[in-house]
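Here is a model to look at together. The questions below ask how its labels were reached.

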Amino acid sequence: MASAIVRSGLRSALRGGASRGTPASKRTFSSSSHHDEAAEAAKWEKITYAGIVTCTLLTIYNLSKGHPHHEEPPAYPYLHIRNKEFPWGPDGLFEVKDHH
């Protein structure tokens, strides 16, 4: 970028263009395009609302479908080995307490 500026400055100096007094070239940005900004904003607003409706409908469809229920895994005795009592009692901290 900087080398391009230097090269263009050298070219204009060699041609004598710097002393001509030519107006600086106008930079164009994407916001200066010839589109109607209001129409463009309205288009993207409609696309956004269509996307919200589509995502909502897909979510309702996915949540309304049934899901498979799997068998309970076998109660292997080695999964819940406790060699020492917990300080808060015989049940785990987050387990449902059995009150007989």
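Q: Why is Lys-43 called partly exposed?
A: Its relative accessibility is 39%. Buried means under 20% relative accessible area, exposed over 50%, and partly exposed in between (1.4 Å probe, protein chains only), so Lys-43 counts as partly exposed. Bear in mind that this is a predicted model, where local features need pLDDT of at least 70, side-chain atom pairs count only at pLDDT 80 or more, and totals for chains, interfaces and linings use all residues. Residues are numbered from 1 along each chain as its sequence is written, and side-chain values use heavy atoms, with hydrogens and water left out.

Q: What makes the contact of Lys-43 and Glu-40 a salt bridge?
A: Their side chains meet at 3.2 Å, N to O. A salt bridge needs a side-chain nitrogen of Lys or Arg within 4 Å of a carboxyl oxygen of Asp or Glu, so the pair qualifies. A search of the whole structure finds one salt bridge.

Q: Where do Lys-43 and Glu-40 lie?
A: Both are in helix α2, three residues apart, about one turn of the helix. Helices are DSSP runs (H or I, at least four residues), numbered from the N terminus.

Q: Why is Glu-40 called partly exposed?
A: Glu-40 has a relative accessible area of 32%, so this residue too is partly exposed.

Q: How do you know whether Tyr-78 is buried or exposed?
A: Tyr-78 has 53% relative accessibility, so the residue counts as exposed. Its place is in the segment after α2 (37–64).

Conventions:
Helix = DSSP H or I, 4+ residues; strand = E, 2+ residues; numbered from the N terminus.
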